[in-house]
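Hi everyone, thanks for coming. Let's take a few minutes to walk through one chain together.

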Amino acid sequence: MIVNCRGFRPGRQRSGILPIVAVLMLSMATGCSQSNPNQEKTSEQSPKVQEVGSTPSVQLGKTKVVTTFLPIYLFTKAVAGNVADVEILVPPGTEVHEYQATPENVKAIATANVLVKNGLGLEEFLEGTVKNAQNPKLTEIDASIGIKPLNEISPVVKTAPDEKDHDHLQGNPHVWLDPVLAKQQVTNIRDGLIAADPANKATYEANATAYIKELESLNSEFQQTLQKNPSCTFITFHDAFPYLAKRYNLKQVAVVEIPEDQLSPADVQNAISAVKKYKVKALFSEPGVDNKLLVSLSKDLKLTLRPLDSLETGETAPQYYFKAMKANLQILDTSCK
Ligand SMILES: [Zn+2]
């Protein structure tokens, strides 16, 4: 629940009580799965989607790249430009954390040359799916190679015993929300694409360089804006922002899971004491979320509820990353004053 972000998600409320858990930052080096350097090059093997189950035949054409969910699609599309075909497995608007693969996903992977994922345990649905696709030519790119995941260490306030929610050995997966780590992801994707499709090396390099430049200026913008309000403390309903918080000296202190029907007075009381204890300044939900319980809780907490975008869903143009992140920066700036 906490690190793998099974908290409140738009349109997907989970039943249960309202644990408030402090999310403290602990960097932990853990082993990451590797992209497979032994895969053969597949640059000139670009089967059509319709050729389900067939072995990719050697033909001139674009490399087919499937990506898992929105941020990874955006980064990959930015690097690939028009020289490779880039698809997305989890349709924007669909929950990635508990996503169930479809037969179309299996077909897409079966006919792809490259699969790009976020990694850090986020895409649980891939495990059986990749196996079922039986594509020995598939090169996998783990965009989070080399990134040290963060893990929470101590729950602070609980309103009821946990069931079994601490199975997140790989750490928090939301690295794309830190522009500096996003740079690392773009670099990993670039290197993976070059390895899989060396013929287009120059294009991948140029596209990645341009995108990374934009990420760098986004990072400067965040630094300059947020340094005015150091250690701004916030509560969220989705454990998506520990990397962003760490980067810019903010504090994500609690993740609140909202029950399906109503908040008990004890839930509200616990939330209020956490807000006092941590001097919480901001309360974030997500864009498009209109939830009566969140609104009523925000009133009880005397905090304005504002949307912070995890980018797990949104528009599919690569520039959307900057648009959404700049909107996040505005929200943070306003909330932390
Ligand atoms: Zn998430």
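**The core and the sheet**

The largest nonpolar core has 85 residues, and V79 and I109 have the most contacts inside it. By nonpolar core I mean a set of buried Ala, Val, Leu, Ile, Met, Phe, Trp, Tyr and Cys residues joined through C-beta atoms within 7 Å. Buried means 20 or more other C-beta atoms within 10 Å of the residue's own, with C-beta atoms placed from the backbone. Helix α1, residues 70-80, gives the most to this core, with eight residues. Helices here are DSSP runs of H or I with at least four residues, and strands are E runs of at least two, numbered from the N terminus.

A quick word on the source: this is a predicted model, where local features need pLDDT of at least 70 and side-chain atom pairs count only at pLDDT 80 or more, while totals for chains, interfaces and linings use all residues. Residues are numbered from 1 along each chain as its sequence is written.

Now, the sheet. Four strands form an open, parallel sheet in the order β4-β3-β5-β6; strands pair if DSSP finds at least two bridges between them. β4 (84-88) and β6 (139-142) are at the edges with a single partner strand each, so one side of each has no neighbour in the sheet. Inside the sheet, three bridges join β3 (residues 63-67) to β5 (residues 114-117), and V66 has L115 as its bridge partner in β5.

Zooming out, the protein chain has nine helices and 11 strands, and buried residues make up 48% of its 337 residues.

Terms used
Buried ≥ 20, exposed ≤ 12 C-beta atoms within 10 Å, placed from the backbone.
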